[in-house]
Amino acid sequence: MMAFRFNILADFYWETNIDKVLDLLSDTGYRRFFLEQNYGSSLEGLTVVLMCQDPNLKLKQRIRLSKKERKIYLDIMLDLNQFMGLIQKEREKIIVEKLLSEIPPIIAKYKLEDFNVSKFEMDLQSQMSKIL
Amino acid sequence: MLSRPVRIADAAGLVAAFTYNDDYDRATELITKGTATLQAKTFFAEGKYEIATEQGQEKQRLYLDGSPYDASIVVEKEGSSAPQLYWLHRDYLGSITHISNNSGNLAAEYSYDAWGRLRDANSWQPFAPDAMPELMFGRGYTGHEHLTGFGLIHMNARLYDPVLGRFLAPDPQVADPGSTNGFNRYAYASNNPLMFVDLDGEQTVDGNSGYNGNTGNSAYWNQSMASMNYGISGSAYPRTGNPNNPNAGYGGGGANFGGGLNYGGGYSWESGAAGAIVSTLFYLFSSHKGSAQLEATNIVLDPRYSQYHAAKPKPLQKPVGTGAATVYAGGGKGLRMDNTRVATAPYLPTKELTAEQRARRYIESLEAPPVNDYSAWYYQSFFIGDWMRAGGDCAQGNYLSMVNNMCFGLLCVIPECRVAGVAAREVAAVSVEQYTLRAAEDGFYPVMKRGFANSQELTWLNKGDVWKFGTTKNPLTRYSQSYLDNIGEFGVYYKTEFTGTLKEALTVERMKILNFRGQNGFLPAGNKMVK
């Protein structure tokens, strides 16, 4: 049985408290949940990095499919200035919304064979919305 | 070494503004009230030289034989008038308690309570915080600058309130995690101001090492304790002697100048001739004159300089070693102030000498260094201070003329140089991040070892535990996604915990690694060493 490794990491300034959001997500047990799922053999993993940086740095969103690893790496770009001024609940909401809205289209764009995008999208929604 | 106070304002409209250079030393200080400028100061060479504009009059001050925290001689030049020499007399903590002029007369007397609050020198009644008198050179308690209008003392990194006995800002680090006092980050000198001083507002140091860091011998502590009697309990000198009669006052004070006695002896390099030097020093204080050198029309240099000057020239040989430890094969042990080594010192072409050696050479020949030889200028002022403390002529006009030409000569050159240098370095000071890689999930993570590129073992980390502390000069060249993802079972996330200059970031990183090791007994798994 194929396991799907789904990992959410971040690159952020400490005052944005994104590690607290990561902890909340982690507490939902989403990693274990996705490890038990099978969406097809063409994709074995997905790593998302929450890039919370100053937009003035003009960092580009990195999206990469590693055929060797059969894994997708992608950035979710967050605005550092915006996050510095938000309350924690708003940060959680924005991150979950971005995860739900940006990940499925990116995966779908690769037109991977035998990868069940719709099932993944449903599972993603059910797991991520646990913290809202 | 992180933030610095930049502005103080009181309800009456008195405002003080400070700027700092990239070494975090104070660069400028401006005190205003409304639109009127009460005082403006510019500091150079770590405060050793300052230009102060007070009530429209410009004053230049040069601390000759050390920093403002330990120097005993200061030359002040007001406007275009001739420079005046003053002697600073300090207690064992380095607080300036008396200032005498070049005639041996008392120019000012100060007294402080244990926590640094200014008090009347005669009655020992503390002044009200808003009624403190201006200090002659602005400096007093432990050599720090008093902001008398605010009742505060500027200790560089932080402002200190001597009435409260507390800093106004917390220490950026817990100096001593092994002491409960260390966790009171507002405390001054570990709440022990009679034993310790805080020279920079960030680190408490032993009182005697703070006073004169370059002595470092136990005799000095004896002197310090002797001076404690002088400074703290206020033994006879200030009251029994007549400060206006130097022969009676300072002569009588000589006995109390246990500080003075060991003052000279405290210098390890003078140990061989301490007696003579001390005698000279006493003679200076008691009669305003130095040794027999005083009678000379021209400046007669200390014999040690002359010995060096007379050292037989030796051919330059190939240097062995690098940097300060460079020695010249067959040429002796390098240049030092004690006689034996001077006698064997090689006589090198000027261009081969260090700045210190060049400065000494110029003093011998009574020449001013080239205007662009800033290093030689810098050392030269120290040597003049050393020379005076060793009994050099302080009454001759020639001396002050030399100081004027040599020391204040550099003042014409150095400010522009320093300011330009500071500006250039400030521009060049890129933002550096101190980051932490932390475990994204509970799991096993690799342990990195020095000498190995790959991990040698695994360790268990809980979610959020530190895997590595690091710094990066270019935050834009960040870790790749796969690198972050593939460390350990579930990867690590990159958390920027501090942003500042390189010096700051490295210090914060080092502090965190050391704290981690202190708490856990081992380094973070991803750190191979303490930088």
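What pLDDT does chain A average, and what share of the residues score at least 70?

## Confidence in chain A

This is a predicted model, and chain A averages a pLDDT of 92, with 99% of the residues scoring at least 70. Within chain A, confidence is highest in strand S4 (residues 71-79), at a mean of 95, and lowest in helix H3 (residues 80-84), at 92.

## Two helices of chain A

Helix H4 (residues 88-109) and helix H5 (residues 117-128) of chain A have axes that come within 10 Å and cross at roughly 170 degrees. Angles over 145 degrees count as roughly antiparallel, and H4(A) and H5(A) are therefore roughly antiparallel to each other. The crossing in which H4(A) passes H5(A) is right-handed.

On the side of H4(A), the contact is made by Val96(A), Leu99(A), Leu100(A), Ile103(A), Pro104(A), Ile107(A) and Ala108(A), while H5(A) contributes Val117(A), Phe120(A), Glu121(A), Leu124(A), Gln125(A) and Met128(A). By class, the residues of this contact between H4(A) and H5(A) divide into eleven nonpolar, one polar and one charged.

## Where chain B touches chain A

Between the chains, 18 residues of chain B are in contact with 17 residues of chain A. On the side of chain B that touches chain A, the elements giving two or more residues are helix H12 (481-485) and strand S25 (492-500) of chain B, and S25(B) gives the most, with five residues. That side of chain B has six nonpolar, five polar and seven charged residues.

Strand S25(B) also pairs with strand S1 (residues 5-13) of chain A, in the parallel sense and over three bridges. Phe12(A) stands opposite Lys495(B), a residue in S25(B).

Definitions and conventions:
Residues numbered from 1 in each chain as written. Chains lettered and ligands numbered in written order. Predicted model: local features only at pLDDT ≥ 70, side-chain atom pairs only at ≥ 80, totals over all residues. Contact = placed C-beta atoms within 7 Å. Helix = DSSP H or I, 4+ residues; strand = E, 2+ residues; numbered from the N terminus. Nonpolar A, V, L, I, M, F, W, Y, C, P; charged D, E, K, R; others polar. Pairing = 2+ DSSP bridges. pLDDT = per-residue confidence, 0-100. Axes fitted to C-alpha atoms, helices over the stretch in contact; angles between N-to-C directions. Parallel < 35°, antiparallel > 145°, perpendicular 65-115°, else oblique. Left-handed = near helix turned anticlockwise from the far one by under 90°.
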